[in-house]
Amino acid sequence: MPDSPRLDTEADALGFGTRAVHAGQEPDPSTGSIMTPVHLTSTFVQEAPDVHQGYDYARVANPTRTALEQNLASLEGAAHGIAFASGVAGIDAILRRLRPGDHVVSTSDLYGGTYRLMRQIHEPMGVDFTFVDLHSTEALAEAITDATKLVWIETPTNPLLRVYDIEALADVAHEKGVDVAVDNTFASPYLQRPLSLGADLVLHSTTKYLGGHSDVVGGAVMTSDDGWNEHLRFQIKSVGAAPGPMDCFLLLRSTKTLHLRMERHCSNARAVADFLRGHDKVARVLYPGFEDHPGHETAARQMDGFGGMVSLVLEDDALETAVRFMQSTELFALAESLGGVESLVSHPASMTHGSIPADVRRAAGLPDSLVRLSVGVEDEADLVADLDRALAAV
Ligand SMILES: *Cc1c(COP(=O)(O)O)cnc(C)c1O
């Protein structure tokens, strides 16, 4: 790997925003270019066989990717960052450390693609999964067996915005010698740093808040555990789910403004949640910033803000009414994904969570009429007015 960056951006003395802008990056020594070059190359010239500047073949590593990995590692307070071609590629690389007979405990309320990967790809290969309500540390303790190798936590969850206590769950898992991975996609490292709460691995779909502009698909895993780092780098080299340099460049450009965007996402989501809660056509608003949200206390303790996601159920709980609402917004575009600067509205039961069987979905507390909002960084008053108009139309 190349020399460490010019600024000692790992130093605790530098704030999050400074590290967001600078970590992993320095002006290009050959030209002075302030932005990290996009290294569009598949191979690197060697002085003698296996004598090179840290790079030999771009599946294994690429300098633009290295800059991104160092940036993300700094933001999560990790020793290592490993970038992947997508969030699910990162999850898959973690799960590939397991062997037939190994066991994983996770939440019953999980991103649909993670659930599909576990049940339809890794379970047929012999890994067992148990999904429990992780609000209860006792439930986790009971679910862990001698075969358990990993606890997979997602918090806040997609789309029910449940909040799980990372520190308490990690304590239970570690007592039994089990590693803990946290999907930190919904919070972003600006709002939550799971490694500091005891997690061994942090997973991001960088497609979401870290990318933030709905123009790139990517993933990343951060860890301070050398064994996991070695495993994950071996996966990149052997399986090849590596991101291209242009995607890494776009992500590096995006993380420079993560702290600014997250502040606005949080304040807009608060305004939207307050508005919806006061509206007589809305039955339920799921938002961890509300004091009566069951995870509020935990969120206030382990997060630096309540995030940009808000879910709701209309008073008229019919699916057609929810669909009419989603088709009536103008600024909130009906689309999958989240975390971009533009506001989105989606229907988890048929979109992001369509791969979870209906009975499993309902048992996990996900009503078919639930609507999920990814609140963007537009002007708060315009977003509220858009929702007001859409509610008038249902
Ligand atoms: C989108 C998402 C993923 C998957 O990431 P991709 O980049 O789409 O592969 C994983 N976890 C959560 C919470 C997500 O929202």
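Predicted model: local features only at pLDDT ≥ 70, side-chain atom pairs only at ≥ 80, totals over all residues.

Across the interface of domain 1 and domain 2, the rule finds 2 salt bridges, a salt bridge being a side-chain nitrogen of Lys or Arg within 4 Å of a carboxyl oxygen of Asp or Glu. Residues are numbered from 1 along each chain as its sequence is written, and side-chain values use heavy atoms, with hydrogens and water left out.

The two domains are domain 1, residues 9-255, and domain 2, residues 259-392; these bounds come from an automatic or database domain assignment. Their C-alpha centres lie 26 Å apart. How many residues of domain 1 are in contact with domain 2? There are 42, and they meet 41 residues of domain 2, where contact means heavy atoms within 4.5 Å.

The size of an interface is often given as the accessible area lost when the parts come together. Here the area buried between domain 1 and domain 2 is about 3,200 Å², with carbon and sulfur atoms giving 60% of it. Buried area is the accessible area, taken with a 1.4 Å probe, that two parts lose on being put together, summed over both. On the side of domain 1, the residues that lose the most area to domain 2 are L161, L191 and Y209, together 23% of what that side buries.

Turning to polar interactions, the rule finds 14 residue pairs in polar contact across this interface, both residues at pLDDT 80 or more. A polar contact is a pair of N or O atoms within 3.5 Å; within protein, one must be able to donate a hydrogen and the other to accept it, and residues adjacent in sequence count only if both atoms are side-chain atoms. Several helices, including α1 (16-22), α6 (166-175) and α9 (245-255), each supply at least two residues of the side of domain 1 that touches domain 2. The largest share, 5 residues, comes from α4. Helices (H or I, at least four residues) and strands (E, at least two) are DSSP runs, numbered from the N terminus.

For the protein chain as a whole, the count is 14 helices and 12 strands. Its radius of gyration, taken over C-alpha atoms, is 21 Å, close to the 21 Å that the globule rule gives for 394 residues, so the chain is as compact as a globular protein of that length. That rule is 2.2 Å times the number of residues to the power 0.38.

The salt bridges come to 10 by this rule. In one of them, the side chains of D102 and K149 meet at 2.9 Å, N to O. This pair links distant parts of the chain, 47 residues apart: D102 is in the loop between α3 (87-95) and β2 (103-107), and K149 is in strand β4 (residues 148-154).

Finally, some backbone details. Most residues other than glycine have a negative phi, and most peptide bonds are trans. A cis peptide bond joins T155 and P156, with omega about -10°, and another cis bond joins N158 and P159, with omega about 5°. P156 is placed in the loop between β4 and α6, and P159 lies in the loop between β4 and α6. In helix α7 we find S188, whose phi is near 70°, a positive value in a residue other than glycine.
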